[in-house]
Amino acid sequence: LESCGMLSQFIRLSASPPFTSSRGVLKLYDELIRCPTFIKKKFVKNEPCGDITIEILSNPALRHHAVVPKLKTIMAFVDLSKGSNGAPTS
């Protein structure tokens with residue numbers, strides 16, 4: 001899904017109106033959260049999934065969308081994998 005761009009498209013579309021999301025959409029995010037190694041690799045800046053997630057989280061109009069808490073959890077994995085200087089830890 002990620003290599004062909006479908007995951008980044010899913011993320012983009014899951015944040016489209018309405019501001020509520022179906023349980024299926026949120027369930028997919030729950031399953032994704034169970035893959036921290038994948039998240040740390042693909043949800044960083046200059047990766048399609050990371051770029052769209054950063055774009056959604058930085059858009060104030062989307063701050064109340066149902067997927068935002070899930071995306072914040074995903075990005076917390078990325079933040080935790082960085083050292084104090086912002087570089088990835090080994």
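**Exercise 1.** Are helix 1 and helix 2 parallel or oblique to each other?

*Solution.* The model is predicted, with local features requiring pLDDT of at least 70 and side-chain atom pairs pLDDT 80 or more, while totals for chains, interfaces and linings use all residues. Residues are numbered from 1 along each chain as its sequence is written, and side-chain values use heavy atoms, without hydrogens and water.

Step 1. The axes of helix 1 (residues 6-14) and helix 2 (residues 23-33) come within 12 Å and cross at roughly 135°. Axes are lines fitted to C-alpha atoms, for helices over the stretch in contact, with angles from 0 to 180 degrees between N-to-C directions.

Step 2. Angles under 35 degrees count as roughly parallel, over 145 as roughly antiparallel, 65 to 115 as roughly perpendicular and the rest as oblique. Helix 1 and helix 2 are therefore oblique.

**Exercise 2.** Identify the residues through which helix 1 and helix 2 meet.

*Solution.* Phe10, Ile11 and Ser14 of helix 1 are in contact (heavy atoms within 4.5 Å) with Val25, Leu28 and Tyr29 of helix 2.

**Exercise 3.** Is serine 8 buried or exposed?

*Solution.* Step 1. Serine 8 is part of helix 1. Step 2. Its relative accessible area is 11%; buried means under 20%, exposed over 50%, and partly exposed in between (1.4 Å probe, protein chains only). Serine 8 is therefore buried. Step 3. Leaving aside residues up to four places away in sequence, serine 8 touches Pro48, Cys49 and Ile52. A polar atom of the serine 8 side chain also lies 3.0 Å from the backbone oxygen of glycine 5.

Key:
Helix = DSSP H or I, 4+ residues; strand = E, 2+ residues; numbered from the N terminus. Polar contact = N/O pair within 3.5 Å; in protein donor to acceptor, adjacent residues only side chain to side chain.
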